[in-house]
Amino acid sequence: MKKELFQYATVKIKCKEETGTALLYSPGEAFDYIYVFTAKHCLVGENFDQDFVNEDITIEKIFNPADNTWHSYTVSQTDKIVCTSSNELDLALIIIPKQI
């Protein structure tokens, strides 16, 4: 069970030259979006000095247990991204559609 949960919930996130990990969270069946939690530095670089646009971000290794397939998703211009103003907190949230 723990292995399956890890497989369903963790993904790889890429933004320009940065690669990191992220955690998927679905707030429930009634909602048509998924939260993607990651570190802010995965989007703006280790030194927090890079700019990005939504389309620079790709989420990979998204596992669909219904049909045992892997998917990737390029964040679109309309998807919401929120980063902490403090680099010390180093957190980012991306909200993407559930049906990708």
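Strands S4 and S5 form a hairpin with four residues between them, and asparagine 68 in the turn has a positive phi of about 55°. Strands here are DSSP runs of E of at least two residues, and helices are runs of H or I of at least four, both numbered from the N terminus. Five bridges join S4 (residues 57-64) to S5 in an antiparallel arrangement, with threonine 58 facing threonine 74 of S5 as its bridge partner. The model is predicted, with local features requiring pLDDT of at least 70 and side-chain atom pairs counted only at pLDDT 80 or more, while totals for chains, interfaces and linings use all residues. Residues are numbered from 1 along each chain as its sequence is written, and side-chain values use heavy atoms, leaving out hydrogens and water.

Two salt bridges are counted, each being a side-chain nitrogen of Lys or Arg within 4 Å of a carboxyl oxygen of Asp or Glu. In one, lysine 14 meets glutamate 60 at 3.7 Å, N to O; lysine 14 sits in S1 (residues 10-15) and glutamate 60 in S4, 46 residues apart. Aspartate 56 pairs with lysine 16, their closest N and O atoms being 3.9 Å apart. Aspartate 56 lies in the loop between helix H2 (41-44) and S4, and lysine 16 in the loop between S1 and S2 (18-25), so this pair ties together parts 40 residues apart in sequence.

Note on methods:
Two strands pair if DSSP finds at least two bridges between them.
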